[in-house]
Every structure is written in structure tokens, then in C-alpha cells.
Amino acid sequence: MPGKKAAAKKSAPKKAAEKKPEQKSTGGADAKAVYVKKLNFPGMNVETVTAAFKQCGEVKAVNLRRGKYCILYFKDAAGASKAKDLNGKQFKGQLITVEAAKKKQAADRSETAKTVFVGNLSRNKKSEDRLRLGKVFGDCGTVKKVKTYKTGHAFVYYADHAAAAKAVAKYDNTILPEKEFPHKRTVTVKFSVRTKEIDAKKEAARKARIAAKKAKKN
């Protein structure tokens, strides 16, 4: 009799490939910023917090949030790293938590803005105010657009930041020329983050919402 064939050995089941843990993306994390919780001491304000963390490095800005926590922005990542070494330690009489901040510091309007907000204007016809503001603020640089509101404020859009900076320096907390603005009101002039591009996107979104509502009704 022919010999029986040996039963084929079953191959061992293959192990499922081990998945490596995914690293969370830092996204918009700022290597120069830290988030501090449970910091609480008498006289706590921007100045005293800045002074307290000076030992870690130069603090460029401090955002206090409801007196419960704060975000510190250092000049460099080394300062933020030293601050993180204080995590879980006693600081100014409190056991604090220090971790990397998730959001980057917003750009300083005073360094980039091309638009200025003008407040405390008299409530004239919008078309008249646009012409007057364009004429007065035009002495600071090229005005690309003026947008006025019935509530007595306006936005002046310049071609560049230098013109906007000049307008803030010249007209903030002043009375505008009487020939154009006879009401003699002291106006506020501040940098604004608004741009023509941002306005266009908002307007497009507004029109899209209106169109969507009309489509639902139909």
C-alpha cells in the first residue's frame, strides 16, 4: 500500500500588524507660549505676572482669563520651556499647572493693520460722511475705501500699514477739522483687523445664508 501522505501542517496565524500610536498634531500650538492654571496671588495683573515669570525669560504678552488662568507669550521657545519646568510646583504660594498653549498669539494690529476704526462721529448722512472722512484721512495716505454706519462710526481702509499708523497717531482722541466736521466731537481712532478681502468673504457668506433660506421656503 502506498504510504499515507503526512498531513500538511497548518501555518500559524499571522499576527495582526501592530499599529503605532498616532501622534497628535500640534496644529496651531505656539512653542513660545504656555498655559498657566491655578495661578493666584494678591495684586495679580498683567504687570505682576510678567514680573513673576521674568525668571524664565522675556515675556512679550500676558492674557489673563477671568482671574483663573493665563496665557504667557515669551520672546523665544527657551523661555516657554523653562516656564513648563514649573508645572506641578509651588509658585507664588500656589501649586500651578503649566503646559503648552494650543493657540498662537494673534498678530499685533499695530504692526500689520491697514484699516482704522473711527468712533464717536455725529450721525450724518452716510454718503456725506464717506466724502468727509476720505478727504480728512486722505492726508495720511491713499484711502482705498470708507465704510460708514448710522450708529456714528466708520472704517477707513488704507493702501498700506504706514498710512493707518499715521492716522492713529494723528487723529486718535482729537477733534477732526471743523470745516468738515463742525460738531466738534472728540473721535476715537484705532487699528482694525478688517480688510476688503475679509469684508468680501463675510458678504458672500451672508448672501449664501439668504439664498439657503429662500431655497427652504420654496
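Which residues does Gly138 touch, not counting residues up to four places away in sequence? In this predicted model, in which local features need pLDDT of at least 70, side-chain atom pairs count only at pLDDT 80 or more and totals for chains, interfaces and linings use all residues, the residues touched by Gly138 are Leu133 and Val143, contact meaning heavy atoms within 4.5 Å. Residues are numbered from 1 along each chain as its sequence is written, and side-chain values use heavy atoms, with hydrogens and water left out.

Gly138 is placed in the loop between α4 and β8 (143-149), where helices (H or I, at least four residues) and strands (E, at least two) are DSSP runs numbered from the N terminus. With a relative accessibility of 33%, Gly138 counts as partly exposed, a class lying between buried (under 20% relative accessible area) and exposed (over 50%), as computed with a 1.4 Å probe and protein chains only. The C-alpha atoms of Gly138 and Tyr158 are 8.8 Å apart in space, the two residues being 20 residues apart in sequence.

Asp129 lies in helix α4 (residues 126-137) and, leaving aside neighbours within four places in sequence, is in contact with Ser122, Asn124, Thr148 and Phe181. Asp129 is buried yet has no salt bridge, the nearest side chain of opposite charge being that of Arg132, 4.0 Å away; a salt bridge is a side-chain nitrogen of Lys or Arg within 4 Å of a carboxyl oxygen of Asp or Glu, and Lys and Arg count as positive and Asp and Glu as negative, His and the chain ends not being counted.

Lys214, in helix α6 (residues 196-217), is exposed, with a relative accessible area of 54%.
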